[in-house]
Amino acid sequence: MFPVTGTASLVLAVVFGAMFGWLLHRGRVSDYNTIVGQFLFRDFTVIKIMLTAIVVGGVGVFALVQMGYAQFHVKPADMLAVSLGAALCGVGMVIYGYCPGTALAAIGGGSLHALVGAVGMLVGGVAYALSFDWVSKAIIPVGQMGKVQLPQLLGVGAPVIFIALGVVALVVFALIERARA
């Protein structure tokens, strides 16, 4: 297998990006009401899609790494920074009604309010960049764990993690379907 570079990589990025956007539309997660419905515990489409993506994507990446077609680039686990970023992203999703990926898909589908919110994401990105010196001194050092992966942290192999995630996904799917019945 050879690396794809140059114009071919750009073409592939557009093709796969369009496919991803189309799948988000087909899954209804580029619809504001679907995202908000998840946070109101009325529509569980988002969690079903996310759990499926995590399990399938995780197994796929693991397989690619094992076959030598990919390699992990582990980022440091800066727990306070990750926790604050996740909380901020969650609050933003509740207010905005989209995550960054679904927002772009909604914009592609013609949503004007998603476009306005995307401008807000860009402003937030600029604010983060401007405050990064302070963030890197005051927040990132708190709870640093280094470049650690979940299997190392738990002392189990990656297949055990994937099996556990698969079981959790199946249990969540069953509970959702049971509650809908």
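**Pocket linings**

Me: Which helices each supply at least two residues of the lining of the largest pocket?
Reply: Helix 4 (79-96) and helix 6 (112-138) do so; helices are DSSP runs of H or I with at least four residues, numbered from the N terminus. This is a predicted model, in which local features need pLDDT of at least 70 and side-chain atom pairs pLDDT 80 or more, while totals for chains, interfaces and linings use all residues. Residues are numbered from 1 along each chain as its sequence is written, and side-chain values use heavy atoms, without hydrogens and water.

Me: Which helix gives the most to that lining of the largest pocket?
Reply: Helix 6, with nine residues.

Me: And which residues lie nearest the centre of the largest pocket?
Reply: Gly 85, Leu 88, Cys 89, Gly 124 and Gly 125, out of 23 lining residues. A pocket is an open set of 1 Å grid points over the protein atoms alone where a 1.4 Å probe fits, with protein on both sides within 12 Å along at least five of seven lines; lining residues have an atom within 4 Å of a point.

Me: How does its lining divide by class?
Reply: The lining of the largest pocket has 15 nonpolar, seven polar and one charged residues, with Cys and Pro counted as nonpolar and Gly as polar.

Me: What about the volume of the second largest pocket?
Reply: About 320 Å³, while the largest pocket has about 610 Å³; a volume is the space filled by probe spheres set on the points.
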